[in-house]
Amino acid sequence: MDKLVVRGGAPLHGEVAISGAKNAALPILAASLLTSRPVTVGNVPRLRDIATMLALLNDMGVSHSVEGDTVILDPSHIDRPVAPYDLVRTMRASILVLGPLLARCGEAVVSLPGGCAIGARPVDLHLKGLAAMGAEVEVKKGYIHARAKRLDGCRLVLDQVTVTGTENLLMAATLARGTTLIENAAREPEVSDLAHFLVSMGAQIEGIGSDVLKVEGVKTLSAAGGRYHVLPDRIETGTYLTAAALTRGAIRTLGTRPELLDAVLAKLREAGADITTGEDWIELSMPRRPRAVSFHTAPHPAFPTDMQAQLMALNCIAEGVGVVTETIFENRFMHVLELRRLGAQIAIEGNTAICTGVDKLTGAPVMATDLRASASLVLAALAAEGETVIDRIYHIDRGYEQIETKFSSLGAEIHRVC
Ligand code: UD1
């Protein structure tokens, strides 16, 4: 199993190019199921989760070719509207094929995703929404079976803000009969990116970027022949900026969109970072020891849960006490135990972590437990004295493209061993 070996202490300096957003590319690739015409998607990151989505689509009969960061899909025939357990269990986002499969084929059989390291993560709202649109939905032997000749538009009020739930229902609604209103929709930029992609295929969607999406169903969608460019990954951007802050370095992230990171940049500024932005770049320098920051996670545009672990790593070596409350996932503090192995002082009370900054962390063997927890361990290791070996980094490869190459180019001592 691959490991990352990090020798900490060097401040990060230089420029790093940001990849396309995993969480936008995944639903966009799934949305190719809605059309029978070829689809071309650019700025797709080379990640394990993307490979899983392509394998899933391939298994159903959607072939693809890859040229650099561009994926060309041929969804002309769907042989089997089935997402098998073996693929779904490796990536929960596989559930994103449910809505488009059902809308295109009139049926879908998708393995129920299990729990995961960060919590129970049910998909009840996806299923309730599709049922409200007229689908017969049953769960049998671990599989969701959904059937509907054609879905009917209706008013959906989501009990809770759900990103992939909103995306599934949005995709399904594009081919439904009549109008669908999705209220309390997720406003994450990746949801908007999917919506823009659907519009580029002829979908009729109003309210993009707001919490009410209005979809006028159409009979067919057809990629207009253009190449859709996936938006930059705001979480990858935030991860590199936070790494620079932890190591008291100065970096510039390129090919990104500052307005997607308002809540994160505000916290980094509060921690003492100097930040300047341009249209597609962000520069951060941290001239002093960071100050600890307090925050709670919440749906966009508030502070993203996917950046919680990285900011917690910053708090570990900061001056003062930072109080972090996780409101999205019930078990998203797995990194705390590992950060403590590096010398961090963190107490947990329910869904709140109280972190008292220490003068220095010290390298130790640690284990990655989930994607963003792993990122926080890399960040802490970059600031720690001595060597840290991070095991089980397949979690990192799910969501960070060439992480060791990018960090090395910023002057970090980091390499992969098998
Ligand atoms: C997506 C992101 C993930 C991010 C999360 C929150 C993708 C591929 N993944 O995950 O990186 O951390 O948003 O920003 O985009 N819930 C229910 N019932 C449902 C659906 C969700 O109770 O049917 C709950 C979840 O358990 C969780 C909360 O709603 O507590 C939000 O989850 P959700 O937004 O659905 O997360 P994902 O879409 O799985």
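Colleague: Ala, Val, Leu, Ile, Met, Phe, Trp, Tyr, Cys and Pro count as nonpolar, Asp, Glu, Lys and Arg as charged, and the others, Gly among them, as polar. How do the residues of the shell around the ligand divide?

Modeller: This is a predicted model, in which local features need pLDDT of at least 70 and side-chain atom pairs pLDDT 80 or more, while totals for chains, interfaces and linings use all residues. Residues are numbered from 1 along each chain as its sequence is written, and side-chain values use heavy atoms, without hydrogens or water. The shell (a heavy atom within 4 Å of the ligand) holds 18 residues, with D124, T162, T164, D306 and I328 the closest. These 18 residues divide into 8 nonpolar, 6 polar and 4 charged.

Colleague: Which residue places a polar backbone atom 2.6 Å from an oxygen atom of the ligand?

Modeller: Polar contacts are pairs of N or O atoms within 3.5 Å. N23 places a polar side-chain atom 3.1 Å from a ligand oxygen, and V163 a backbone N or O atom 2.8 Å from one. The distance of 2.6 Å belongs to a polar backbone atom of I328.

Colleague: How much of the ligand's area does the protein bury?

Modeller: Accessible area is computed by the Shrake-Rupley method with a 1.4 Å probe. Alone, the ligand exposes 740 Å². The buried part of that area is 88%.

Colleague: How are helices α1 and α2 oriented towards each other?

Modeller: Helices here are DSSP runs (H or I, at least four residues), numbered from the N terminus. Between axes fitted to C-alpha atoms over the stretch in contact, with angles running from 0 to 180 degrees between N-to-C directions, α1 (residues 22–31) and α2 (residues 48–60) pack at about 5 degrees, 10 Å apart. Because angles under 35 degrees count as roughly parallel, α1 and α2 are roughly parallel.

Notes. Polar contact = N/O pair within 3.5 Å; in protein donor to acceptor, adjacent residues only side chain to side chain. Helix = DSSP H or I, 4+ residues; strand = E, 2+ residues; numbered from the N terminus. Parallel < 35°, antiparallel > 145°, perpendicular 65-115°, else oblique.
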